[in-house]
Amino acid sequence: MEMQEIIRQAESNIRQAVEDYGAHTYQMDVLEDISDEFIERLAKDSSYAKQGLRELFSKSPVWHPELDALIINGTRTHDPDYRRVDNLAHRILSSAKLAARDDKERMDLIMDAIAFFSEPDDEYTQEAGIEAIKKLAPKAYQTGKKRSRIFKSLCVALGVADETKGSEFQHLYAQFADELSSRKLGFKLFVSINPAHFLTMSNPKNDRRGACLTSCHSLNSTEYEYNCGCTGYARDEVSFLVFTVADPEDRETLNNRKTTRQVFAYKPGNGVLLQSRMYNTEGGVYGAAEDSGLYRDLIQREISMLEEQPNLWKVYGSIGDKGADYVYRGQGFGGYPDWIYDNFDGRVCIRFDHLEDAEPLEVGTYGLCVKCGDEISTKMYCDDCEEDSYVAYCDDCEGGVEDEDDLYEVYDSDGHRRYVCQRCLERSYTCCDHCDEYHADSVMESINGRDVCPDCLREHYSVCDDCDEYCLNDEMYRVIDQYGSEVRVCEDCRDDHYETCEDCGELVHEDLMYDAISADGKEVRICEGCKDSRYETCDHCGELVHEDLMCDAINADGEDVRVCKSCYEEYDYAQYEIADEDEVEAEMKEAVW
């Protein structure tokens, strides 16, 4: 395909991507600013810059010229062909077999060892193979060790492992290891140099279908300074995008519904491969190590096959390791260089044929202003277009917005009204659950799961006199504390330390509550105030009894006493030493309930 045709196709892809990107979001300001100048320059610059990668990738049988991408799926990776594994093993160990031609026992061990790798489903063959490997190479076999590595150790022990760069052993062993570890994919993996895919590498913010792999590279967002990274990656010579989508059969989802995505970088013939952070629908690299390792393996295989080199790579971390010396940020690149952060799990891979002469990768370059198409290092607009686009500015970061509705009314720590952008809003302010207004994080209180501003705190909350915690006024209770003072407490303190007096109905501290007998003869709990005013202690049984159930009486010693009704009715009058029965009868009549 001629370059002019490639450029025209890139322009068409970009226009379609912008249309698809805005199909499900209301956040359209940036998309509406995208100009012909921007599209035409991006298409031209990217097409020329990626020509080296295009020439390499187009050798692949899964190259899709209209998409400017490889589509790797089950047709490219498959279940191991064990006949090929067997054939490769025999070729690799041919010299060892030749040396054992007069030693039948050793020849049988070598044949059993080969069968271990080529007949994995035969239990007898596996047991015999393990025993043979242990005899031929005592340190080679370990439970759980990858079979390709067991075979490599066996080759070393048998003296056939030629580690010379470009040797036939390296070439054959790489094929053996690839075939042994290959597997069928249940998805399509897109490996793209298409500028449209770089432009839409992260899905739209405020997608009506819900969040799905959005980031600081989302095209319709201006809240981050990294947005120009999309075009910065698209315009360099080495970056390519590796991603999956929600529905590979729906072309639109390639532009607005990616489900995993990584930026890789490779300079054809150089043997150095960068794998940056894995982004997925869960928000990032965490829990994505398995997918990330699989993608790296697939890309390594593809590149090695296309460059006709053994698929043997040394893998390093992208920071704090040898790998950091092989990747650096290109001049003017303003995108997010996620490979420089340890917790993002970046990897630098160096193929064995370039361990000594590999050159560092320069990743990223200047981006483009979406309005005029001029080069920029940060954000979506150049300074001139940014000033033309903005109608108001954030009071916190002083960044501009294109619509006053993009500013939010908030109150700072001194209670002064301010207007801030969404980024500052999310970073420094919290919405009060009572008045629905935003206030500075530093003055907000969290009370029982509610975020409360100072004004609402004063209006709607009080401090519990028991636990000293804030509580809604409507959820406070008037009680009598252990000192007899009237106070207000929260529901938890009420339930933990207070009881309702069954005489006066007041909530009273448990230390001032007593067991008693009420006027209708029931067992009740009463407070100290009621005890002192309406209850007496029976001189016979010692119970606290309501005054209406108490009466005067004379005990066995002839003393005047106050007893409850129950005890009074049980008196044995014969025990009293009273001479005159008429006098006793008269005194008994004086006792009233």
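Tutor: Helix α7 passes helix α8 in a left-handed crossing. Keep in mind that this is a predicted model.

Student: How near do the axes of α7 and α8 come, and at what angle do they cross?

Tutor: They come within 7 Å and cross at roughly 125°. α7 covers residues 104-118 and α8 covers residues 123-136. The two helices are therefore oblique to each other.

Student: Which residues meet there?

Tutor: On α7: R106, L109, I110, D112, A113, A115, F116 and F117. On α8: T125, Q126, A128, G129, I130, A132, I133, K135 and L136.

Student: And how do the residues of that contact divide by class?

Tutor: The contact of α7 with α8 has 11 nonpolar, three polar and three charged residues.

Student: Next pair. What about the axes of α5 and α10?

Tutor: Helix α5 spans residues 82-92 and helix α10 spans residues 168-181. Their axes come within 9 Å. The crossing is at roughly 155°. An angle over 145 degrees counts as roughly antiparallel, so α5 is roughly antiparallel to α10.

Student: Is the crossing of α5 and α10 left-handed or right-handed?

Tutor: Left-handed. α5 contributes Y82, R84, V85, L88, A89, R91 and I92 to the contact. α10 contributes E168, F169, L172, Y173, Q175, F176, E179 and L180. By class, that contact has 10 nonpolar, one polar and four charged residues.

Student: Which residues make the contact of α1 with α3?

Tutor: From α1, M3, Q4, I6, I7, A10, E11, I14 and R15. From α3, D36, I39, E40, L42, A43, K44, S47 and Y48. The residues divide into nine nonpolar, two polar and five charged.

Student: Switching topic. How many disulfides?

Tutor: The count comes to zero. Take C435: the nearest cysteine sulfur, that of C432, is 3.7 Å away. A disulfide needs the two sulfur atoms within 2.5 Å, so C435 is in no disulfide.

Student: Is C435 buried or exposed, or in between?

Tutor: In between. C435 is partly exposed, at 28% relative accessibility. C155 is buried, with a relative accessible area of 0%.

Student: On to the strands. Where is M513?

Tutor: M513 is in strand β28, which runs over residues 513-517. Its relative accessibility is 6%. Buried means under 20%, so M513 counts as buried.

Student: What does M513 touch, beyond residues up to four places away in sequence?

Tutor: E499, T500, C501, V508, R525, I526 and C527. M513 and C501 are 12 residues apart along the chain. Their C-alpha atoms are separated by 7.5 Å.

Student: Last one. What about H509: which strand is it in?

Tutor: H509 sits in β27, residues 507-509. H509 is buried, at 7% relative accessibility.

Student: And which residues is H509 in contact with?

Tutor: Leaving aside neighbours within four places in sequence, H509 contacts I480, D481, Q482, H497 and Y498.

Terms used
Residues are numbered from 1 along each chain as its sequence is written. This is a predicted model: local features need pLDDT of at least 70, side-chain atom pairs count only at pLDDT 80 or more; totals for chains, interfaces and linings use all residues. Side-chain values use heavy atoms; hydrogens and water are left out. Helices (H or I, at least four residues) and strands (E, at least two) are DSSP runs, numbered from the N terminus. Buried means under 20% relative accessible area, exposed over 50%, partly exposed in between (1.4 Å probe, protein chains only). Contact means heavy atoms within 4.5 Å. Axes are lines fitted to C-alpha atoms, for helices over the stretch in contact, and angles run from 0 to 180 degrees between N-to-C directions. Angles under 35 degrees count as roughly parallel, over 145 as roughly antiparallel, 65 to 115 as roughly perpendicular and the rest as oblique. A crossing is left-handed if the near helix is turned anticlockwise from the far one by less than a right angle, and right-handed if clockwise. Ala, Val, Leu, Ile, Met, Phe, Trp, Tyr, Cys and Pro count as nonpolar, Asp, Glu, Lys and Arg as charged, and the others, Gly among them, as polar.
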